[in-house]
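Subject: Structure for your files

Hello,

Please find the structure below. My notes on it follow.

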Amino acid sequence: MPRSAYERSKGVETVTWREFPLGKGIALSILDESTPGGRQLKGQRLLDVLDEAAGLPPCKLTVADRPQRHRTRGGRLELKTYGYYRIAWEAAPQRGTIRIYNLTAIRQQVLAPKVFLETLLHEWVHHYDFTGLQLDRSPHTSGFFARIRDLAETLGVGFVAPPKRDVSPVATAADDVEIARPDALRPGGVPPPQWIRDQVLALFGHRRS
Ligand SMILES: [Zn+2]
């Protein structure tokens with residue numbers, strides 16, 4: 001019986017390269033950018049290097065000049081997401097897109113350089129999970145965070161990666177990931193059947209539009 005995506009995600013702690021990614025200079029130069037345009041340009045350059053070096057299909061980056069989406073409860077920040085990863089699952093070749101908000105949720109300040117770069121690497125590891133490891137979902141396991149650290153160290157920017165963390169079961173659903181299935185893309189705006197929407201909700205939490 002094949003191991004579940006969760007078990008496989010947990011068991012892989014490094015990123016495997018076809019050729020060594022020469023992205024160190026670009027990664028460092030991203031830390032000098034603060035505008036959405038500058039971050040998008042250099043961030044896309046880094047994604048292209050990573051995809052080429054890992055032999056993956058391309059991943060398109062959008063950096064939006066908007067605050068992060070967030071949810072408050074009783075006036076307090078309850079949940080916020082720095083960015084999103086979206087995969088067109090059964091398209092050939094698969095296409096990934098990353099969207100990052102350049103402003104913080106409440107105070108609407110420009111995202112700190114390290115936080116921006118960490119978010120970019122985080123979302124790219126989701127791309128790696130789907131198109132490289134061929135997982136059918138990309139949960140936030142301990143292995144997932146180990147892959148981000150490994151990637152950051154490979155790029156000479158290990159200081160942006162979070163320290164080793166214990167992942168509680170609650171935190172394992174990746175609510176920054178959206179999978180676009182063919183049913184959701186049917187022309188004419190026909191929504192996917194309810195059972196598919198329920199399944200996606202059960203696996204990934206709320207769909208983002
Ligand atoms: Zn994530």
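What is the order of the four strands in the open sheet, and what pairing do they have? The order is 1-5-4-6, and the pairing is mixed. Two strands count as paired if DSSP finds at least two bridges between them. Helices (H or I, at least four residues) and strands (E, at least two) are DSSP runs, numbered from the N terminus.

Before the rest, two points on the source. This is a predicted model, in which local features need pLDDT of at least 70, side-chain atom pairs count only at pLDDT 80 or more, and totals for chains, interfaces and linings use all residues. Residues are numbered from 1 along each chain as its sequence is written.

Strand 1 (59-67) and strand 6 (177-180) are the edge strands, each pairing on one side only. On average, neighbouring strands of this sheet are turned by 20 degrees against each other, direction ignored. Strand 1 and strand 5 (residues 95-103) run parallel and are joined by seven bridges. Cys59 stands opposite Gly96 of strand 5. Helix 3 (residues 36-54) packs on the sheet and touches strand 1 and strand 5. The direction of helix 3 makes about 155 degrees with that of strand 1. Axes here are lines fitted to C-alpha atoms, for helices over the stretch in contact, and angles run from 0 to 180 degrees between N-to-C directions.

Helix 4 and helix 5

The axes of helix 4 (residues 113-131) and helix 5 (residues 142-154) come within 10 Å and cross at roughly 115 degrees. The two helices are therefore roughly perpendicular to each other (65 to 115 degrees counts as such). Helix 4 contributes Leu121, His122, Val125 and Tyr128 to the contact, and helix 5 contributes Phe144, Arg147, Ile148, Leu151 and Ala152. Residues are in contact if their C-beta atoms, placed from the backbone, lie within 7 Å. By class, this contact has seven nonpolar, one polar and one charged residues (Ala, Val, Leu, Ile, Met, Phe, Trp, Tyr, Cys and Pro count as nonpolar, Asp, Glu, Lys and Arg as charged, and the others, Gly among them, as polar).

Two loop residues

Gln108, in the loop between strand 5 and helix 4, has a positive phi of about 55 degrees although it is not a glycine. Gln108 counts as exposed because it has 11 C-beta neighbours inside 10 Å (exposed is 12 or fewer, with C-beta atoms placed from the backbone). Gln134 is also not a glycine and has a positive phi of about 60 degrees. Gln134 lies in the loop between helix 4 and helix 5, and with 10 C-beta neighbours inside 10 Å Gln134 counts as exposed.

Regards

How values were computed: Angles under 35 degrees count as roughly parallel, over 145 as roughly antiparallel, 65 to 115 as roughly perpendicular and the rest as oblique. Two residues are in contact if their C-beta atoms, placed from the backbone, lie within 7 Å. A residue is buried if 20 or more other C-beta atoms lie within 10 Å of its own, exposed if 12 or fewer, and partly exposed in between; C-beta atoms are placed from the backbone.
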